[in-house]
Amino acid sequence: MTKLTAPWLSSPAAQTVCAMVADAGHQIWFVGGCVRNALIGAPVSDLDLATSALPEQVMSLAEKAGIKA
């Protein structure tokens, strides 16, 4: 398994969203183009996340955290 290290992984926005979901007891992963681009050394222009939380749960968590979803 390859472990990614990239500046976007530790960005405040990414960490806030990941913590919001994880602190509520759900799993969250970076997926899609950001992972692909990091692996091939290409620039990352957006972040895609997948979570075990239902969409309604994510929306509720975001609203409570003051994040526009």
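Q: Which strands do the buried residues of H2 pack against?
A: This is a predicted model. In it, helix H2 covers residues 33-40. Its buried residues pack against two strands, E1 (28-31) and E2.

Q: Which residues of H2 are buried, and what arc do they fall within?
A: The buried residues of H2 are Gly33, Cys34 and Asn37. Seen down the helix axis, they line one face of H2, because they fall within an arc of 100°.

Q: Which residue follows H2, and what is its phi?
A: Helix H2 ends at residue 40. Gly41 comes after H2, and its phi is positive, near 80°.

Q: Which element has the lowest mean pLDDT, and which the highest?
A: The protein averages a pLDDT of 92. Of its residues, 100% score at least 70. Among the elements, H2 has the lowest mean, at 92, and the highest, at 96, belongs to strand E2 (residues 48-51).

Q: Is Phe30 buried, partly exposed or exposed?
A: Phe30 sits in strand E1. Buried means under 20% relative accessible area, and exposed means over 50%. Phe30 has 21% relative accessibility, so it counts as partly exposed.

Q: Which residues is Phe30 in contact with, leaving aside its neighbours within four places in sequence?
A: Phe30 belongs to strand E1. Beyond its neighbours within four places in sequence, Phe30 is in contact with Trp8, Leu9, Ala14, Cys18, Val35, Leu47, Asp48 and Leu49.

Q: How many Å apart in space are Phe30 and Ala42?
A: In sequence, Phe30 and Ala42 are twelve residues apart. In space, C-alpha to C-alpha, their separation is 16 Å.

Q: What should helix H1 span at 1.5 Å a residue, and how far apart are its end C-alpha atoms?
A: H1 has twelve residues, 12-23. At 1.5 Å a residue, H1 should span 16 Å. That agrees with its end C-alpha atoms, which are 16 Å apart.

Q: What arc do the buried residues of H1 cover?
A: The buried residues of H1 are Ala14, Cys18, Met20 and Val21. They lie on the same side of H1, because around the axis they cover an arc of only 160°.

Q: Which exposed residues are on the face of H1 turned away from its buried side?
A: The buried side of H1 carries Ala14, Cys18, Met20 and Val21. Its cover includes E1, E2 and helix H3 (55-65). The face turned away carries the exposed residues Pro12 and Asp23.

Q: Which residue just after H1 takes a positive phi?
A: Helix H1 runs over residues 12-23. Just after it, a positive phi of about 95° is taken by Gly25.

Definitions and conventions: Residues numbered from 1 in each chain as written. Predicted model: local features only at pLDDT ≥ 70, side-chain atom pairs only at ≥ 80, totals over all residues. Heavy atoms only, no water. pLDDT = per-residue confidence, 0-100. Helix = DSSP H or I, 4+ residues; strand = E, 2+ residues; numbered from the N terminus. Buried < 20%, exposed > 50% of the residue type's maximum accessible area, 1.4 Å probe, protein only. Arc of directions from axis to C-beta. Contact = heavy atoms within 4.5 Å. Expected span 1.5 Å × (residues − 1).
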